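Subject: Structure handover

Hello,

Here is the structure for you to look at. My notes follow below it.

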Amino acid sequence: MLRETFLFLSRRRALRRWMETSPLAARLTRRFIAGQRLEDGIAVARRLYSENILATLDHLGENVASPDEALAARVCIEQALDAIAAAALPATVSIKLTQFGLDISDSLCRANVEAVQQKARSIGSRVEIDMESSEYVDRTLRLIEDLHSANGALRAVLQAYLYRTHDDLRRLAALRIPIRLCKGAYNEPPSVAWPRKSDVNASYARLARILLDEGEDPAFATHDPRMIDLVLEHAARCGRSPATFEFQMLYGVRRDLQSMLVANGFRLRLYVPYGDAWYPYFMRRLAERPANVLFILRNLFRR
Ligand code: FDA
């Protein structure tokens, strides 16, 4: 119920405008969001790297309605890649195709992604393409499959809650496309996704094993200790060295687990969001775990 409420609030425009411009914003969000500027994202990525943690930088923003806005989103990512190169960080960038113009046209979106893909490749980085709601999955995967064969330097994201993901995972793994496996964060109907959490977890477990068996440089994006244990057990069973896969978590979430993984020599990458369009991202984090409201309130009153 609370999850639905936060997901509903994540789509309210007036509340979003008020929140994004409120002076309280930085204090409210600092646990999960690096700050409003690229420099804030880079500063966090540097700090994490000094703690042996990698980063993927996410310039916050979602659906854009005009080619100019899509171009602006692309320029932000190009600047992020320049900053990553200047700071000599082994960081990647994460993007959403609706930020790059997917709602406007496939070809416009493709041109924008190709530009950042080439820049990422030229600096030895990678563009991780977040997966959005189920209506976008076909077009997102088609674009990734085309662009990967031409230039590499991409990572796809698959969501374990979708029935279709098993087939997508086998196909992408056969094409040697690196995959980030997550449970899935959107409100999907039972016609396309498992409604019960236990089924989503079972699906994640099945897919994670296949990904370890067949995937190229796989990433397991989860804060669920049971999923992490299962990945570690299966990796040990199939003889995968820790250098050949990574865990990914969200900045500010389960810092205890993050420290444990790094202390045990596992590769960890944090998803580090920055930018002023932070509202939908922030609300989805509250939807995942309403107890986060308590964290936030505590931060608000802490000096
Ligand atoms: P689950 O939700 O079962 O949580 C397990 C435990 O983790 C909880 O009991 C709690 O302890 C902790 N936890 C989880 N979320 C928390 C939070 N917000 N605050 C505090 N504790 C929390 N989704 C998507 O649809 N498309 C995408 O592209 C991505 N990309 C992505 C990248 C990365 C790096 C991560 C970590 C996640 C995503 N996701 C995503 C989100 C993902 O689909 C999912 O919604 C969340 O990761 C929560 O799922 P868990 O696997 O953590 O398990």
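At what angle do helix α8 (residues 165-174) and helix α9 (residues 197-214) pack, and how far apart are their axes? The angle is about 10°, and the axes are 10 Å apart. That makes α8 roughly parallel to α9.

Before the rest, the ground rules. This is a predicted model, in which local features need pLDDT of at least 70, side-chain atom pairs count only at pLDDT 80 or more, and totals for chains, interfaces and linings use all residues. Residues are numbered from 1 along each chain as its sequence is written, and side-chain values use heavy atoms, with hydrogens and water left out.

Helices (H or I, at least four residues) and strands (E, at least two) are DSSP runs, numbered from the N terminus. Axes are lines fitted to C-alpha atoms, for helices over the stretch in contact, and angles run from 0 to 180 degrees between N-to-C directions. Roughly parallel means under 35 degrees, roughly antiparallel over 145, roughly perpendicular 65 to 115, and oblique the rest.

**Around α9**

In α8, the residues T165, H166, L169, R170 and A173 meet L207, I210, L211 and E214 of α9 (contact: heavy atoms within 4.5 Å). The residues of this contact are five nonpolar, two polar and two charged. Here Ala, Val, Leu, Ile, Met, Phe, Trp, Tyr, Cys and Pro count as nonpolar, Asp, Glu, Lys and Arg as charged, and the others, Gly among them, as polar.

Helix α9 has 18 residues. Buried means under 20% relative accessible area, exposed over 50%, and partly exposed in between (1.4 Å probe, protein chains only).

D217 is not a glycine, yet its phi is positive, near 45°. At 22% relative accessibility, D217 counts as partly exposed.

**The barrel**

Eight strands close into a barrel, in the order β1-β2-β3-β4-β5-β6-β7-β8, with parallel pairing. Strands pair if DSSP finds at least two bridges between them. On average, neighbouring strands of this sheet are turned by 25° against each other, direction ignored.

Start at β5. Strand β4 (residues 154-159) runs parallel to β5 and is joined to it by four bridges. V157 stands opposite R180 in β5. Two bridges join β5 to β6, also in parallel. There, R180 stands opposite A219. In a regular strand the side chains alternate between the two faces of the sheet. In β5, I179 and L181 point one way, R180 and C182 the other way, and all are buried.

Strands β6 and β7 pair in the parallel sense over three bridges. F220 stands opposite F247 in β7. Which residues point each way from β7? E246, Q248 and L250 point one way, F247 and M249 the other way, and all are buried. Five of the five residues of β7 are buried, so β7 is largely enclosed by the rest of the structure.

Helix α11 (residues 255-263) lies across β7 (246-250) and β8 (268-274), running at about 160° to β7.

**α5, α6 and G101**

Helix α5 (residues 67-86) and α6 (106-122) pack at about 10°, with axes 10 Å apart. They are therefore roughly parallel to each other. P67, A70, L71 and R74 are among the α5 residues in this contact, and L108, A111 and N112 are among those of α6. By class, the contact has 10 nonpolar, one polar and four charged residues.

G101 sits in the loop between β2 (92-95) and α6. Is G101 buried or exposed? It is buried, with a relative accessible area of 0%. G101 touches V64, A70, L108 and C109, not counting residues up to four places away in sequence.

**One more loop**

N52 lies between α4 (38-50) and β1 (54-59). Its phi is positive, about 70°, although N52 is not a glycine. N52 counts as exposed, at 57% relative accessibility.

Best wishes

Conventions. The expected span of a helix is 1.5 Å times one less than its number of residues.
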